[in-house]
There are 2 protein chains.
Amino acid sequence: MNFSPRRVSMSVRPALHLLPLELRIASIGKDDLPSFTYPLLQMTLGLLGQQSSCRQNHFFSFTETKNDYSLILDNELFKELIQFPGSEALQVAPESWRPLTIEVGAFGSLTGISKLVASVIGPLADEGVSVFCLSTNQEDYVMVKEKDLYKAMTCLHPCFKLLAELEQDVQLIENFSHDNVPNQIKNDLNYIELPSPRSITHPFTCTASKFHVCSILPSTLPSIAQPLLQLMFYNTRSDDVFLSLSIISDDISMVLDARDIDKFPEDSVYSSEAYWKVITIGDGPLGFDECGIVAQVAAPLAQADISTYYICTFYNDHTLVPEGSVTKALQLLNKYLMSSKVDNSSSPVSVGSLNGLTHPPSQFRTEPLPRLPLTNPVA
Amino acid sequence: MNFSPRRVSMSVRPALHLLPLELRIASIGKDDLPSFTYPLLQMTLGLLGQQSSCRQNHFFSFTETKNDYSLILDNELFKELIQFPGSEALQVAPESWRPLTIEVGAFGSLTGISKLVASVIGPLADEGVSVFCLSTNQEDYVMVKEKDLYKAMTCLHPCFKLLAELEQDVQLIENFSHDNVPNQIKNDLNYIELPSPRSITHPFTCTASKFHVCSILPSTLPSIAQPLLQLMFYNTRSDDVFLSLSIISDDISMVLDARDIDKFPEDSVYSSEAYWKVITIGDGPLGFDECGIVAQVAAPLAQADISTYYICTFYNDHTLVPEGSVTKALQLLNKYLMSSKVDNSSSPVSVGSLNGLTHPPSQFRTEPLPRLPLTNPVA
């Protein structure tokens, strides 16, 4: 397998939406869920309810892995979570994040993060902007730190119409400078190159379980509360547990162990493809400052036309690929795994010198994170 | 209004079922619900699930009043509740209770506890057996303390075929002595007299709210989880809150504030009559040892052909009457309220001397209960 950079047609200049939400990323320890059940159930029931007004302008993502219950919440939901005694057990990433969604034009049959590699993921990595990604069946959300927002939008501006959603209005923002545009974009705004695969800095694993990536209609939500809450709060899967629910206004997706689909009433959840496999990136916490991880993983998969859902959690990243492509995907990732190691196997990997990683990670840790102090989200 | 004792036809000798369950009565303080949400949600989701096997042989009753969340649970569910940290905040009645259900023959149009006054409630009060009652749309459950069980069944034996349900089998028990039969029953096993109204020992109140007494089909339970859990855990009613859910195998009932019925999908809950009012007995905790309270309240209502649902909670008793009968019911209860007071208004009420109360209450308290130690249910 040998991939040369390809040029991808950007026949239309797609829109990049900046959602009017400030997000917090948090983690509940596997043993601490009972302490958070009351506020977490309250917000979940509110979002599952029949009134779509409860969902408007909310961002809720809940992912159970073997390590923790990982949450991405808008500020309002986050405040609900921390108002109860016991919330000091919550781990919270220290900074706020801003979600961008991208309506992408013609990228062939690719879905998920793969289709954003050329125009978003690669350029942000080259600019030293660390990202937190969440794919759903409808959208891919790329989150950047509040403090990196201007840099990120400046970097993405040449490829996109920038739209900021402010309450009900959508405003076009055109006042970004073109000085800071990555070279491969500057050459030709209608054709951009898929970036060359980079060295992959973190090991990855893939368990035996198979998953469904499901869509749920908002009108169906109330009727699936019983099995959904049962899975969220009382999942009996052990080591290879992976369950993800995201409710972002009316964009509702779930990643579900294939063995659990029968717990839902017939025709209540819609699966886009038969089975997906979860590849987990990192054998220790990845932290929030390292940049380029998504680009490292997604670029070779995009080159090989493999669709990729990408779900970042508090500790690790997870890339989902169709079951039929998993062998090829793992071969590709293995090819680039710590490739600098092969060149110079006697010396330890110098993270800062890896291809495409312009900013060395300041939080590169291999030990479990210390409990972070609870940051007051109120500015 | 003047009621003379009436004779009620017992054209068939109905069956009295002793369920193979040991019940615990517990109370969660209004501020302590978050600590119990995890185990309480777990058992509720299990009971709401589609598999009726999860409901078989379970007894679950949850009643929210302005004072507390009152629970009647079989031993297995009770153990689920107390296995988590924080369960020391639970108040638990010190003894175990055994539930009896009675298939009653021809009692005219009466429903609820009213139809049991002559054959069950009155005789047990006369025998000094304190009871804890729970009406549902299908059954009336009369609970007696484990230690009073033999006495209770001996007392009720002349009127009923005694059936003990042991796992899947139902056994006819006929080895009770006739020595201890109350006189009004002994005279004629086919006709028993409604007992004369007794003095009512506790004041009562009736709030403005109207309620539905609803039946729920087991197959419908999963689909109403969202609004049901929302009401159970996040009820926003204040002073006159009353919400009761009972799931006893496939006998599922709910007492619901009329303003909340719209939260449930159309045709998901069935209401037996338009509106009911809740009359709350006691202005302080009633305790568990006083006997005769149900008989005092239910007898005059039965005499006047008023149907009565009766729901005992940890602190108070509650009798539900149809909205159209509430004025009459309150007049009747007022007539008998502390009637000995009228005879001898200068001296304080001597509780032990009240008509029909053969055993003075040992736990007659007017102050809030002290927190009881958590009793280990494992014998």
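This is a predicted model: local features need pLDDT of at least 70, side-chain atom pairs count only at pLDDT 80 or more; totals for chains, interfaces and linings use all residues.
## Symmetry of the two chains

Chain B is superposed on chain A by a rotation of 180 degrees, with 0.0 Å of shift along the axis and an RMSD of 0.0 Å. This is the relation of a two-fold axis. Both copies use the same surface, since 100% of the contact residues of chain B recur in chain A.

Which residue of chain B comes closest to the rotation axis? It is S223(B), whose C-alpha lies 2.2 Å from the axis.

## The interface between chains A and B

The size of an interface is often given as the accessible area lost when the parts come together. For chain B and chain A, the buried area is about 1800 Å². Carbon and sulfur atoms give 68% of that area. Three residues, Y38(B), Q226(B) and Y234(B), supply 38% of the area that chain B buries against chain A, more than any other three residues.

In terms of contacts, 21 residues of chain B meet 21 residues of chain A.

## Helix packing within chain A

Two packed helices are described by the angle between their axes and the distance between the axes. In chain A, helix α1 (residues 33–48) packs with helix α6 (residues 225–234) at an angle of about 150 degrees, and the axes are 11 Å apart. Angles over 145 degrees count as roughly antiparallel, so α1(A) is roughly antiparallel to α6(A). The crossing of α1(A) and α6(A) is right-handed.

On the α1(A) side, the contact is made by L33(A), T37(A), L40(A), L41(A), T44(A), L45(A) and L48(A). On the α6(A) side, A225(A), L228(A), L229(A), M232(A) and F233(A) take part. By class, the contact of α1(A) with α6(A) has 10 nonpolar residues, 2 polar residues and no charged residues.

The contact residues of α1(A) are T37(A), Y38(A), L41(A), Q42(A), L45(A), G46(A) and L48(A). Those of α6(B) are Q226(B), L229(B), Q230(B), F233(B) and Y234(B). How do the residues of the contact of α1(A) with α6(B) divide, and how many are charged? There are 7 nonpolar, 5 polar and no charged residues.

The pair α6(A) and α1(B) has axes that come within 10 Å and cross at roughly 140 degrees. The helices α6(A) and α1(B) are therefore oblique to each other, and their crossing is left-handed. From α6(A), the residues in contact are Q226(A), L229(A), Q230(A), F233(A) and Y234(A). From α1(B), they are T37(B), Y38(B), L41(B), Q42(B), L45(B), G46(B) and L48(B). The contact of α6(A) with α1(B) divides into 7 nonpolar, 5 polar and no charged residues.

In chain A, S249(A) has a positive phi of about 50 degrees, although S249(A) is not a glycine. S249(A) lies in the loop between β15 (243–248) and β16 (251–257) of chain A.

In chain B, N57(B) has a positive phi of about 60 degrees and is not a glycine either. Where is N57(B) found? N57(B) is in the loop between α1 (33–48) and β4 (59–64) of chain B.

Methods. Residues are numbered from 1 along each chain as its sequence is written. Chains are lettered from A and ligands numbered from 1 in the order in which they are written. Side-chain values use heavy atoms; hydrogens and water are left out. Copies are superposed by least squares on the C-alpha atoms of residues with pLDDT of at least 70 in both. Contact means heavy atoms within 4.5 Å. Axes are lines fitted to C-alpha atoms, for helices over the stretch in contact, and angles run from 0 to 180 degrees between N-to-C directions. Helices (H or I, at least four residues) and strands (E, at least two) are DSSP runs, numbered from the N terminus. Angles under 35 degrees count as roughly parallel, over 145 as roughly antiparallel, 65 to 115 as roughly perpendicular and the rest as oblique. A crossing is left-handed if the near helix is turned anticlockwise from the far one by less than a right angle, and right-handed if clockwise. Ala, Val, Leu, Ile, Met, Phe, Trp, Tyr, Cys and Pro count as nonpolar, Asp, Glu, Lys and Arg as charged, and the others, Gly among them, as polar. Buried area is the accessible area (1.4 Å probe) that two parts lose on being put together, summed over both.
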